[in-house]
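I wrote each entry as I went, in the order in which I looked.

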Amino acid sequence: MAGIDVERVRRETAGVGRVVHLNNAGAALQPRVVVDAVVEHLRLEEEIGGYEAADARAGRIERTYDALARLVGAGREDVAVVESATRAWDMAFHALPWAPGDRILTARAEYASNAIAYLQTARRHGVRVEVVPDDADGQLDVDALRAMIDERVRLIAVTHVPTQGGLVNPAAEIGRVAREAGVVYLLDACQSVGQLPLDVSEIGCDLLTAPGRKFLRGPRGTGFLYCSPRIREQLQPPFLDLHAATWTSADAYEVRADARRFESWEGNCAARIGLGVAAEYALALGPDAIGDRVTRLGAALRARLRTLPGVRVHDRGARQCALVTFTVEGRDSEDVARALRDSGINVSVSLAEYARWDLGPRGLASLVRASPHYYNTEAELDRLVDAVPAPVGSSGRC
């Protein structure tokens, strides 16, 4: 398997000359080809008008569907492009029919936005939200999941890579349980698309959602939804417009057959083109090569951090990826992140309220999160390690 030409991708990424960007789980640095595609379309809108530019570049916009479909092993008719991963997830989740007593099975490491939606649905429809226990490695316990299945389980909804740590949940094993039981399976791939190779057929998910801005290196304000044709007709999008449906008579409408039933008519055409270019860029580099490099960089950063006195790495999971979380004894995570930013190193902070079912029971109020991508270097990892503040009460590091 060919590796990543790191020097080339760094030449094609303007930001690496200004900052050590280790916040790719937040928003990655975009390659120049993505920015150029977005700006080119905006210039065309400036010159000839928004509708006219969309007509002139209709083929370019359509290529986005092809690229995203290839990225996750889907058909182009199974992909909807929307303005964020949150909108994609909400459109999928809230399209499901609910009845009192239905059960939602989810993971302990779920993100706050997903958990809030579960709880809202529980209040509104009388469904039950049940958290599947972790196994000894800290990932969802597949055997426990299988034991919890009964005829009232309406949905299995799991985050593939949680925002607050490096574990990779066993998505394909969960998919096998879902298929055996005939239960709808929604996979939040917010942190795994663009970082790890994915194939929806191998995973066995019915629904998958992801953003453009993270490891895919696309523009902010973009996201997409994969919806399997197996269940599409069972789902009713929470709202429709003249793009998602056709007004067929004075008192009737017909929902379109493909996944674009989850879209709305208006959208940012420039950003959609940029999203497609980002997907093509990732495909050209190779998802396997990307996954191999980012996983190795994540492991290398964990190993370096574990050598520092007073620093504790908190990542769990039998399989781990490029999200690396840690704390410094006696120091607030926000203060650590601020000190790193002052040294020209971008990281982020995960708070307990982002993942109460996970961080709360572990006694963690916050974590510093560093997330390298394939364009980062070992030298940049060393810069982060050298810039981590010493624990409170320490005389410093030699």
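Before the first entry I wrote down the cut-offs: a residue counts as buried under 20% relative accessible area, as exposed over 50%, and as partly exposed in between. I also noted that this is a predicted model.

**Entry: a surface patch**

I looked up L242 and found it in the loop between β8 and β9, the latter covering 245–249. Is L242 buried or exposed? Its relative accessible area is 68%, and because exposed means over 50%, L242 is exposed. I then saw that L242 belongs with Y51 and W265 to a nonpolar patch on the surface, and that together they have about 420 Å² of accessible area.

**Entry: salt bridges**

My next question was how many salt bridges the structure holds. The count is 29, and I looked at some of them in turn, bearing in mind that side chains of opposite charge can pair when their charged atoms come close.

I began with E280 and R60, whose side chains meet in a salt bridge with an N to O distance of 3.1 Å. This pair links distant parts of the chain, since E280 sits in helix α10 (residues 269–285) and R60 in helix α4 (residues 58–72), 220 residues apart. For E280 I noted a relative accessible area of 23%, so this residue is partly exposed, whereas R60, at 18%, is buried.

I went on to R76 and D66, which form a salt bridge in which the closest N and O atoms are 2.6 Å apart. Here R76 lies in the loop between α4 and β2 (79–82) while D66 is in helix α4, and the two are 10 residues apart. R76 has 31% relative accessibility and therefore counts as partly exposed, and D66, at 33%, counts as partly exposed too.

I then turned to R146 and D143, where the closest N and O atoms of the salt bridge are 3.7 Å apart. Which helix holds R146 and D143, and how many residues apart are they? Both are in helix α7 (residues 142–148), and because they are 3 residues apart, about one helical turn separates them. R146 counts as partly exposed at 38% relative accessibility, while D143, at 58%, counts as exposed.

**Entry: a buried arginine**

I looked for R217 and found it in the loop between β7 (207–211) and β8 (223–227). R217 is buried and yet has no salt bridge, and the nearest side chain of opposite charge, that of E12, is 6.6 Å away. Since a salt bridge needs the nitrogen and the carboxyl oxygen within 4 Å, I could see why E12 is not counted as a partner of R217. What I did find was a polar contact of 2.8 Å between the side chains of R217 and Y374. Leaving aside neighbours within four places in sequence, the residues in contact with R217 include T13, Q30, A278, Y281 and H373.

**Entry: a buried threonine**

Finally I looked up T163, which lies in the loop between β5 (153–159) and α8 (171–181). T163 has 12% relative accessibility and so counts as buried. The side chains of T163 and R369 make a polar contact of 2.7 Å. Not counting residues up to four places away in sequence, T163 touches Y111, Q191, L323 and S350 as well as R369.

Definitions and conventions
Residues numbered from 1 in each chain as written. Predicted model: local features only at pLDDT ≥ 70, side-chain atom pairs only at ≥ 80, totals over all residues. Heavy atoms only, no water. Helix = DSSP H or I, 4+ residues; strand = E, 2+ residues; numbered from the N terminus. Buried < 20%, exposed > 50% of the residue type's maximum accessible area, 1.4 Å probe, protein only. Lys, Arg positive; Asp, Glu negative; His and termini not counted. Polar contact = N/O pair within 3.5 Å; in protein donor to acceptor, adjacent residues only side chain to side chain. Contact = heavy atoms within 4.5 Å. Patch = residues over 30% accessible without salt bridge, like charges linked within 9 Å, V, L, I, M, F, W, Y side chains within 5 Å. Areas by Shrake-Rupley, 256 points an atom, 1.4 Å probe, with all protein chains shown as cover.
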